[in-house]
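Student: I would like a close look at a single part of this model, followed by an account of what surrounds it. Please keep it plain.

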Amino acid sequence: MYNTLAGQVSGTPMQLGDAALTALMGYAIVFLGILLLVIVVVIVSRIMTAGKKKAAEPTTPAPNRDAPIQKLESTAPKAPGSAGELKLYDTDPKTAAMLMAIVADKMGKPINELRFKSIREVK
Amino acid sequence: MDVLKTLEGLWQDSGFGLFFAEGGWKFIVMILVACVLLYLGIKKKFEPLLLVGIAFGCLLANLPGAGLYHPDLWDDFLNQGSEFYHSYGRILTEGGLLDILYIGVKAGVYPCLIFIGVGAMTDFGPLIANPKTFFLGAAAQFGVFFAFMGAILLGFTGNQAASIGIIGGADGPTAILTATTLAPELLGAIAIAAYSYMALIPMIQPPIMKLLTTEKERSVKMEQLREVSKTEKIVFPIVVAGFVILLLPSTAPLIGSLMFGNLLKETGVTERLSDTAQNALMNIVTLFLGISVGATTVASRFLNPQTLYIILLGLIAFCFSTVGGLLVGKLMYKLSGGKINPLIGSAGVSAVPMAARVSQMVGQKANPSNFLLMHAMGPNVAGVIGSAIAAGFMLKVFG
């Protein structure tokens, strides 16, 4: 660090070639770090998903992924006034109505032209 | 008693008198700058939580005679040849209120505390569900290194250029921590540029997004993300903190704080702490950070061509970070056979959640039934990690 009349200036001047090399190396390091992180995250996710599947096997003999959902659908209450089509999971009719109105508004389409199959709270 | 002499002395010692002393006009200019920043924060709502504090700190530091902030004390603090080198004792005994508050910035405490709050507010679920989007967070650091090169070309030192480049990471606490460590003399200008441009993201990014993508690409609807289990969300911050810090130890303060805050959120057993980190702690630290960073914009240091260069380079950094994210987004669009909407690439510039909202907005304009928000949140939070890695690299090389 050295001083000038305007106060202190941190560091020393740098050659353009050195700066270019630093920039390239820095960008590469960011990518490398992220690449390694992706690998770690994917491995951890796989391990956890595999552990979860193993734990679920004794209770769900059928390998069909849709099975639990179908079971849910059969017990889920139907939304009032939906002609029996819209299924609600952990969602009350008021919230469902609000969500449908927001979606219709965002899409710029009348709500009676849209078909909602189910609304589920993502936990 | 000579009444006239007493009155003259009172006038000369008053702040009003100092306006007419040599160089007094600079204080007036800085007070006007503070008023403009207050206007932008209050009326235009440009990142008001921080900009109002920064602007008021700027105002207080530039009221002549107030003695709330003393840059000379900090010059001695940083000068290795001075007997007061790294002497916090002198700052505490001779400093003003803002000098004392600034200790938190200088010691790197405030940015890290803010990162705990940011972590507690961040949902890494979309990123865990689609880890490929991590690369967009890395790609969007392009502006950091582009602006770094630009700063070197304009004659800044390596330390200064690194601090200026980090503006492109669009992450206020990271920019402040890097600038405080590497080039404290530029902190005020860098903080103002970083927060102003973050607020301007809805204006900066859309033209670049439209320029670099086709209507067909912008219309792509992405598949719904898989559900991420609670255990995965708990393990994620532990794994990321451990891995990234081992890889690049200089990222420890930022990544450690970010992931600690996130762990508090995800465990489900520390709700009170998570709530405090998100609200009370974040608000208190934001108060201190804003006003003390604003205080560094003293007229004698701020009014020079360097400040204008920093403002310009900050804009370049933001633009090129957006370009980097979009270009890798386009590459992923091609590689995935058109399943990934390249617009989510621009969200990799961090600035959570503003950049993700911009992706959603531009995507929905191209296709009203398009909902990109959750998909864009992946690269958005990856950008926070990416900018922390970029900052860690700069700190390692220049620190």
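Which helices of chain B are included in what covers the buried residues of H15(B)?

Tutor: The cover includes helix H14 (187–199), helix H21 (305–335) and helix H22 (354–366) of chain B. Before going further, note that this is a predicted model. The mean pLDDT of chain B is 92, and 100% of its residues reach 70 or more. For the complex, the predictor gives an ipTM of 0.85 and a pTM of 0.79.

Start with the helix itself. H15 of chain B runs over residues 201–212, which makes 12 residues. From its first C-alpha to its last it reaches 16 Å, close to the 16 Å expected at 1.5 Å a residue. Its buried residues are B:Ile201, B:Ile204, B:Gln205 and B:Met209. Seen down the axis of H15(B), these buried residues fall within an arc of 115°, so they line one face of the helix. The general rule behind this is that an α-helix has 3.6 residues a turn, so residues three or four places apart point the same way. On the face of H15(B) turned away from the buried side are the exposed residues B:Met203, B:Pro207 and B:Leu211.

Two of the covering helices, H21 and H22 of chain B, have a loop between them, and B:Pro353 lies in that loop. A cis peptide bond joins B:Val352 and B:Pro353, with omega about -5°. Most residues other than glycine have a negative phi, and most peptide bonds are trans.

Chain B also has residues other than glycine with a positive phi. B:Glu47 has a phi of about 35°, and its place is in the loop between helix H3 (24–42) and helix H4 (48–61). B:Glu47 is buried, with 22 other C-beta atoms within 10 Å. Phi of B:Ala170 is near 50°, and B:Ala170 lies in the loop between H12 and helix H13 (172–182) of chain B. B:Ala170 is buried too, with 34 other C-beta atoms within 10 Å.

For another helix of chain B, take H18, residues 252–267. H18(B) has 16 residues and reaches 21 Å, close to the 22 Å expected at 1.5 Å a residue. Of those 16 residues, 13 are buried, so H18(B) is largely enclosed by the rest of the structure. H18(B) is followed by B:Gly268, whose phi is positive, near 85°.

In soluble globular proteins, nonpolar side chains tend to be buried together. The largest nonpolar core here has 144 residues, and those touching the most other members are B:Ile54, B:Ala147, B:Phe148, B:Ile164, B:Ile190 and B:Ala191. The largest share of this core, 14 residues, comes from helix H23 (residues 373–398) of chain B. Leaving aside neighbours within four places in sequence, B:Ile164 is in contact with residues including B:Ala147, B:Leu186, B:Ile190 and B:Ile310.

Note on methods. Residues numbered from 1 in each chain as written. Chains lettered and ligands numbered in written order. Predicted model: local features only at pLDDT ≥ 70, side-chain atom pairs only at ≥ 80, totals over all residues. Core = buried A, V, L, I, M, F, W, Y, C linked by C-beta atoms within 7 Å. Buried ≥ 20, exposed ≤ 12 C-beta atoms within 10 Å, placed from the backbone. Helix = DSSP H or I, 4+ residues; strand = E, 2+ residues; numbered from the N terminus. Contact = placed C-beta atoms within 7 Å. Expected span 1.5 Å × (residues − 1). Arc of directions from axis to C-beta. pLDDT = per-residue confidence, 0-100.
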